[in-house]
Amino acid sequence: MTAVRVERTGPVTTVFLHRPARRNAVDGATAAALADAFRAFDADDEAAVAVLHGEGGVFCAGADLTAVGTERGNRVAPDGDGPMGPTRLRLSKPVIAAVSGYAVAGGLELALWCDLRVADETAVFGVFCRRWGVPLIDGGTVRLPRLIGTSRAMDLILTGRPVDAEEALAIGLANRVVAAGEALAAAQELAAQLAGLPQPCLRHDRLSVLDQEGLSEADALAVEFAHGQVSLAADALDGAARFTNGAGRHGT
């Protein structure tokens, strides 16, 4: 079986990471395959939401350290794809991480790149590369504090300690926690729910959230307005008409 495979169920694309002998650690070829899979998802007009899942009870143990210094090593360059593959891509559609078991080091960075994280009770997050002197160079020091705040992020980054699913939910690292073995199904169900919503509005609200990072309030509001204009032209009249005709009343 290849290290990366893709399945489509209607508008939901699931990208599977499958390297059981390496606990789904990512080498150079696997990183390239992951990046290609997500580029293909973003270019597919029939695909609305993606799920990233590591098979075999482990999300991803990070970069494959056995490949470092060999021809199988991860790409490390300031431009192009990130060491873990898709982590520098700005997609136009959401991605949900379905996390079972360890999502650590570069695997944590893959999960942080996703828009949402659905974890099961076996999930463990952490900067485990701390113990090997391997840095976070694929978004970890940027995305983690933006998600959970600088103080909590500094704790995780400096100590490299494990964070279980319960704590991950409490600090905002995980968005949902489900029973053991249910992460993939729950993430795919959530993806299908998102895919059923008006897509232009969902995508532009998402992009507005991403685009406002680092902007002044005035500039961020201007960016939000520009995205909103696209959504108004695409969705709002139809949505208002459906509401006027009785849809969505009484909590339905």
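Which residue in E6 is the bridge partner of Ile 96? In E6, Ile 96 has Leu 116 as its bridge partner. The legends below describe a predicted model, in which local features need pLDDT of at least 70 and side-chain atom pairs count only at pLDDT 80 or more, while totals for chains, interfaces and linings use all residues. Residues are numbered from 1 along each chain as its sequence is written, and side-chain values use heavy atoms, with hydrogens and water left out.

**View 1. Strand E6 and its pairing partners.** Strand E6 (residues 116-120) is largely enclosed by the rest of the structure, because four of its five residues are buried (buried means under 20% relative accessible area, exposed over 50% and partly exposed in between, with a 1.4 Å probe and protein chains only). E4 and E6 pair in the parallel sense over four bridges, and E6 also pairs in the parallel sense with strand E9 (residues 176-178), over three bridges; two strands pair if DSSP finds at least two bridges between them. In E9, Val 178 stands opposite Asp 120. Strands (E, at least two residues) and helices (H or I, at least four) are DSSP runs, numbered from the N terminus.

**View 2. The open sheet E5-E7-E8.** Three strands form this open sheet, with mixed pairing, and its edge strands, each pairing on one side only, are strand E5 (102-104) and strand E8 (163-164). E5 pairs in the parallel sense with strand E7 (residues 124-126) over three bridges, and Val 104 has Gly 126 as its bridge partner in E7.

**View 3. The aromatic pair Phe 38 and Trp 113.** Phe 38 and Trp 113 form an edge-to-face pair, 5.0 Å centre to centre with 75° between the planes; rings of Phe, Tyr and Trp (its six-membered ring) pair if their centres lie within 6.5 Å, and planes under 30 degrees apart count as stacked, over 60 as edge-to-face and the rest as tilted. Because Phe 38 lies in helix H1 and Trp 113 in helix H2, the pair ties together parts that are 75 residues apart in sequence. Phe 38 and Trp 113 are both buried.

**View 4. Charged ends over rings.** The charged end of Lys 93 sits over the ring of Phe 41, 5.0 Å from its centre, and that of Arg 131 sits over the ring of Phe 128, 4.5 Å from its centre. A charge sits over a ring if NZ of Lys or CZ of Arg is within 6 Å of the ring centre and within 35 degrees of the ring normal.
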